[in-house]
Amino acid sequence: MVVNLEGVLLEDLPSSLEPMVLGMPADLALRWVEITNIHGVSLANNHSGDVGKFGFEDTKRILGAAGVHAAGPNETLEIGQLTLITLSDLAGHRSRGRGLLEPSALADLVMPDPDRAVVAFVHWGHEYQAMPGAREQQLALAIEAH
């Protein structure tokens, strides 16, 4: 299983965090990762930098030490015969520098290999919207073309 981790893992969770800062106790999260058989984690989202660069890098380190592959925006995860490309396309006020994805960037991310399945794992859209907007449709067509 591969998931989007919407937040950061913290070994020492503060007693309080600012509203909408998503931090999780690392030990509890890792137990759930093991229970649910998660092998890959996308950190390409608007909350992976909620406590800054240190939180993002620490989350990757904690997951890696547990044997879980993790990738940030515009990175790839190699899991078995699967290449997972983690992308983010959010421009909201909480995006923390993880802005909009440009379709031209897709050409640099996908390297055709007939022996590997390539999957785009995209965190995008507007909150509380059930249907994709025009931007998501445009990007989906651009991803499909690659």
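The side chain of Glu 6 makes a polar contact with the side chain of His 123, at 3.3 Å. A polar contact is a pair of N or O atoms within 3.5 Å; within protein, one must be able to donate a hydrogen and the other to accept it, and residues adjacent in sequence count only if both atoms are side-chain atoms. The side chains of Glu 6 and Asn 4 are joined by another polar contact, of 2.9 Å.

This is a predicted model: local features need pLDDT of at least 70, side-chain atom pairs count only at pLDDT 80 or more, and totals for chains, interfaces and linings use all residues. Residues are numbered from 1 along each chain as its sequence is written, and side-chain values use heavy atoms, with hydrogens and water left out.

Where does Glu 6 sit? Glu 6 is in the loop between strand 1 (2–4) and strand 2 (8–10). Helices (H or I, at least four residues) and strands (E, at least two) are DSSP runs, numbered from the N terminus. Glu 6 is partly exposed, because its relative accessible area is 23%. The cut-offs are these: buried means under 20% relative accessible area, exposed over 50%, and partly exposed in between (1.4 Å probe, protein chains only).

Which residues does Glu 6 touch, leaving aside its neighbours within four places in sequence? They are Leu 22, Met 24, Asn 45, Asn 46, His 47 and His 123. Contact here means heavy atoms within 4.5 Å. Gly 49 is 43 residues away from Glu 6 along the chain, yet their C-alpha atoms are separated by 9.6 Å.

Now take Asn 45, one of those contacts of Glu 6. Asn 45 lies in the loop between strand 4 and helix 2 (53–65). Is Asn 45 buried or exposed? Its relative accessibility is 0%, so Asn 45 counts as buried. The side chain of Asn 45 reaches the backbone oxygen of Leu 5 at 2.7 Å. That side chain also reaches the backbone nitrogen of His 47, at 2.8 Å.

Next come the sheets. Strands of a sheet pair through backbone hydrogen bonds, either parallel or antiparallel. Two strands count as paired if DSSP finds at least two bridges between them.

Strand 4 and strand 5 run parallel and are joined by three bridges. Here Ser 42 stands opposite Ala 71 in strand 5.

Another open sheet has three strands in the order 6-7-8, with mixed pairing. Its edge strands are strand 6 and strand 8 (117–124), each pairing on one side only. The twist averages 25° from one strand to the next. Strand 6 and strand 7 pair in the antiparallel sense over five bridges. Thr 76 stands opposite Ile 85 in strand 7. The hairpin of these two strands has two residues between them, and there Gly 80 takes a positive phi near 60°. Strand 7 (residues 82–89) and strand 8 run parallel, joined by eight bridges. Leu 87 stands opposite Val 122 in strand 8.

Helix 4 (residues 134–145) lies across strand 7 and strand 8, running at about 165° to strand 8. Axes are lines fitted to C-alpha atoms, for helices over the stretch in contact, and angles run from 0 to 180 degrees between N-to-C directions. Which residues of helix 4 are buried? They are Glu 136, Leu 139 and Ala 142. These cover an arc of only 125° around the axis, so they sit on the same side of helix 4. The arc is that of the directions from the helix axis to the C-beta atoms. An α-helix has 3.6 residues a turn, so residues three or four places apart point the same way. The face of helix 4 turned away from its buried side carries the exposed residues Ala 134, Leu 141, Glu 144 and Ala 145.

Two loop residues remain. Asn 37 has a positive phi of about 60° although it is not a glycine. Asn 37 sits in the loop between helix 1 (26–35) and strand 4 (40–42). Its relative accessibility is 47%, so Asn 37 counts as partly exposed. Asn 74 is not a glycine either, and has a positive phi of about 60°. Its place is the loop between strand 5 (69–71) and strand 6 (75–79). Asn 74 counts as partly exposed because its relative accessibility is 40%.
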